[in-house]
Amino acid sequence: MWRSKFCGKNRVGRSMDIRQEIAAHVQTLARRGKGKAGAMKQAAKTLRKLSERSDANKDLIVAAGAVKGLVALLGGNSADGKESAARALQSLASNKAAKEAMVREGAISPLVALARDGGRRAKESAADALYEISTVKSENAVKIVQAGGIEVLIALARDGGDDDYVGASYLAACAVCYLSSYDETKVALVVADAIPLLLDIVRNDLTSVKLWIVSALEELGVRVDKSSLSLKQAFSKAEIRGIPLLFKLARDGSPSVKKQAEDLLRTLVVNDEYAPAIEASKAEAELIVAEAAVDEARSRRDDRVRES
């Protein structure tokens, strides 16, 4: 009995010690200013190590308000501080409350910037955090698109040939795959040439993500022969350009997604570069564009009627 009580008191004491330690590091992050960069970097590093110990510690760190300070450090001027903050956020990003806090505190834009401009480890952490954020809900995926994240992630995924960026490239490819599951981001992926990228990656025998990439390609309207995942099959120019996907979204998407697809089809119909890809379905594309124009005219007419 005495042992149980003693051990119980020790556990409570350790818990209080961790809470106090976390609170001290969160306060350090909040004391931004000249001469504080080293201390803030160390605070972020320690919080990362604490978060790696247990899910319970992640809960405590998020509850203490650490994400706000880490995001502020992420947007600062110190390259080392940015990397330390990104690595801490990466470690926390498996925690749902942490992901919500990151979005709330404005982490997406600085994470995108770091994935574009940071060093190897910083790019890796930023790509992983963006992937985790994208898994929560489509609104987060849209914010990643709005911050220019699609282009950055695709560029990073293409760097897989550089040994220094294999980890970052892999994580960026994972983020692109997950973003393909949302209708709200599919048009942006087509515009950024995600389909040719994913085909190149899977053909280079990255077997660890092959099945996931196949699923992403199907989400983007590419019909894959699953009997052979070598993907040596021939794909039509229309599929590679995303034309079947755009038709589908223009027909069946939500109003905002439908408009994105219609606008892109309207551009492609008159673009000679896309003529070979769209020729077989040009009549359908022109019909969709014409129907969209009629719908817009009706909408303007209805607005005038309501105003009068």
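Buried means under 20% relative accessible area, exposed over 50%, and partly exposed in between, with a 1.4 Å probe and protein chains only. By that scale Glu219 is partly exposed, at a relative accessible area of 33%. This is a predicted model, in which local features need pLDDT of at least 70 and side-chain atom pairs count only at pLDDT 80 or more, while totals for chains, interfaces and linings use all residues. Residues are numbered from 1 along each chain as its sequence is written, and side-chain values use heavy atoms, with hydrogens and water left out.

**Confidence**

- The mean pLDDT (the predictor's confidence in each residue, from 0 to 100) of the chain is 82, and 75% of its residues reach 70 or more.
- Residues 1–6 have pLDDT below 50, and beyond near neighbours in sequence this stretch has zero contacts in the model; contact means heavy atoms within 4.5 Å.

**Helix H5**

- Helices (H or I, at least four residues) and strands (E, at least two) are DSSP runs, numbered from the N terminus.
- Helix H5 covers residues 79–92, and its 14 residues should span 20 Å at 1.5 Å a residue; the end C-alpha atoms are 20 Å apart, which agrees. The expected span is 1.5 Å times one less than the number of residues.
- Buried residues of H5 are Gly81, Ser84, Ala85, Ala86, Ala88, Leu89, Ser91 and Leu92.
- Those buried residues pack against helices H2 (37–53), H3 (55–63), H4 (66–74), H6 (96–104), H7 (108–117) and H8 (120–134).

**Salt bridges**

- The structure holds nine salt bridges, each defined as a side-chain nitrogen of Lys or Arg within 4 Å of a carboxyl oxygen of Asp or Glu.
- In helix H12 (residues 183–191), Lys186 and Asp183 are three residues apart, about one turn of the helix, and their side chains meet in a salt bridge at 3.0 Å, N to O.
- Lys186 is buried, with a relative accessible area of 6%, whereas Asp183 counts as partly exposed at 29%.
- Glu219 also forms a salt bridge with Lys186, with the closest N and O atoms 2.9 Å apart. Glu219 lies in helix H14 (residues 210–219) and Lys186 in helix H12, so this pair ties together parts that are 33 residues apart in sequence.
- Salt bridges that share partners join Asp183, Lys186 and Glu219 into one network.
- Arg120 forms a salt bridge with Glu124, the closest N and O atoms being 3.9 Å apart; both residues lie in helix H8, four residues apart. Arg120 is partly exposed, with a relative accessible area of 36%.

**A buried lysine without a salt bridge**

- Lys58, found in helix H3, is buried yet has no salt bridge; the nearest side chain of opposite charge, Asp55, is 4.0 Å away. For charge, Lys and Arg count as positive and Asp and Glu as negative, while His and the chain ends are not counted.
- Leaving aside neighbours within four places in sequence, Lys58 is in contact with Ser51, Glu52, Ser91, Leu92, Ser94 and Asn95.

**Aromatic pairs**

- Rings of Phe, Tyr and Trp (its six-membered ring) pair if their centres lie within 6.5 Å; planes under 30 degrees apart count as stacked, over 60 as edge-to-face and the rest as tilted. By this rule there are three aromatic pairs.
- One of them is the edge-to-face pair of Tyr131 and Tyr178, at 5.9 Å centre to centre and 80° between the planes. The pair links distant parts of the chain, with Tyr131 in helix H8 and Tyr178 in helix H11 (residues 166–179), 47 residues apart.
- Tyr131 is buried, with a relative accessible area of 19%, and Tyr178 is partly exposed, at 25%.
- Tyr131, Tyr178, Tyr182 and Trp212 form one aromatic cluster.
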